[in-house]
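Here are my notes on the model you sent over. Have the structure open beside you as you read, and take the points in order.

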Amino acid sequence: MAPVLYDEKPELGDLIEIHRGSYQHWAVYVGDGFVVHLAPPFEGRGGQSSRVMSLVADRAVVKREELWDVVGTDKWTINNGLDNKYQPRPSHIIVKAACELVGQQLPYCLFRGNCEHFVNELRYGKAESRQVRTAGEMVLAAGVVAAVGFGIVALAGALFGGSKKENNTK
């Protein structure tokens with residue numbers, strides 16, 4: 001088994017969050033130093049694909065690879081963060097389901113069926129992605145801020161503006 005670089009050793013069925021900079025890649029630990037993860041078919045070893053290619057992919061492959069090959073030099077954590085929201089399935093069921101999917105091509109959608117949806121479906125029976133939800137909330141908040149800003153500018157223009165012709169005649 002590969003050496004563990006962190007204090008915490010993953011247990012069967014644990015979700016592994018790999019920090020890739022501006023996004024996270026997700027895998028499920030299946031034992032003996034291996035993880036199962038969903039990756040675009042054209043990606044490099046260990047799930048490191050181009051973000052642009054991830055945006056346009058409509059299919060992905062379920063792969064079983066060594067944890068350290070998937071992590072590479074990126075920081076990673078065990079993140080079973082939805083355990084407080086959903087009851088995790090038994091670890092042997094998670095591992096069995098994950099391993100049965102290895103080699104299959106599945107539909108892939110960054111917003112509805114990405115690697116985080118995949119591992120949460122395995123662990124909890126719920127395909128959920130917090131990073132997609134967070135990104136959606138940020139876009140919504142930015143839209144609200146822009147709309148409010150536009151409304152303030154329009155209101156200020158209506159209250160204090162007026163045409164040059166009006167201003168010149170006053």
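1. Let's start with the running order. From the N terminus on, the elements of the protein follow β-β-β-α-β-α-β-α-β-α-α-α, which comes to six helices and six strands. Please keep in mind that this is a predicted model.

2. Six strands make up an open sheet, ordered 5-1-2-3-4-6, and their pairing is antiparallel. Strand 5 (75–78) and strand 6 (105–107) are at the edges with a single partner strand each, so one side of each has no neighbour in the sheet. On average, neighbouring strands of this sheet are turned by 30° against each other, direction ignored.

3. Strand 4 (residues 59–66) and strand 6 run antiparallel and are joined by three bridges. Here alanine 60 stands opposite leucine 106 of strand 6.

4. Now for the helices on the sheet. Helix 3 (residues 91–101) packs there, touching strand 2 (24–31), strand 3 (34–39) and strand 4, and its direction makes about 110° with that of strand 2. Helix 4 (residues 115–124) packs on the sheet as well, touching strand 1 (15–19), strand 2, strand 3, strand 4 and strand 6. The direction of helix 4 makes about 35° with that of strand 2.

5. How many aromatic pairs are there? The count comes to two. Tryptophan 68 and tryptophan 76 form an edge-to-face pair, 5.7 Å centre to centre with 75° between the planes. Both tryptophan 68 and tryptophan 76 are buried.

6. Then come the tyrosines. The ring centres of tyrosine 86 and tyrosine 124 are 5.9 Å apart and the planes are at 45°, so this pair is tilted. Tyrosine 86 lies in the loop between strand 5 and helix 3, while tyrosine 124 is in helix 4, so the pair ties together parts that are 38 residues apart in sequence. Tyrosine 86 is buried, with a relative accessible area of 19%, under the 20% cut-off. Tyrosine 124 is buried too, at 6%.

7. One charge-over-ring arrangement also deserves a look: arginine 64 lies over the face of phenylalanine 34, at 3.8 Å from the ring centre.

8. Finally, some totals. Of the 170 residues in the protein, 39% are buried. Among contacts with a separation of 6 or more, 66% are between residues 24 or more positions apart. The accessible surface comes to about 10100 Å², and 59% of that surface belongs to carbon and sulfur atoms.

Note on methods: Residues are numbered from 1 along each chain as its sequence is written. This is a predicted model: local features need pLDDT of at least 70, side-chain atom pairs count only at pLDDT 80 or more; totals for chains, interfaces and linings use all residues. Side-chain values use heavy atoms; hydrogens and water are left out. Two strands pair if DSSP finds at least two bridges between them. Helices (H or I, at least four residues) and strands (E, at least two) are DSSP runs, numbered from the N terminus. Axes are lines fitted to C-alpha atoms, for helices over the stretch in contact, and angles run from 0 to 180 degrees between N-to-C directions. Contact means heavy atoms within 4.5 Å. Buried means under 20% relative accessible area, exposed over 50%, partly exposed in between (1.4 Å probe, protein chains only). Accessible areas come from the Shrake-Rupley method with a 1.4 Å probe; for residues, only the protein chains shown count as cover. Rings of Phe, Tyr and Trp (its six-membered ring) pair if their centres lie within 6.5 Å; planes under 30 degrees apart count as stacked, over 60 as edge-to-face and the rest as tilted. A charge sits over a ring if NZ of Lys or CZ of Arg is within 6 Å of the ring centre and within 35 degrees of the ring normal.
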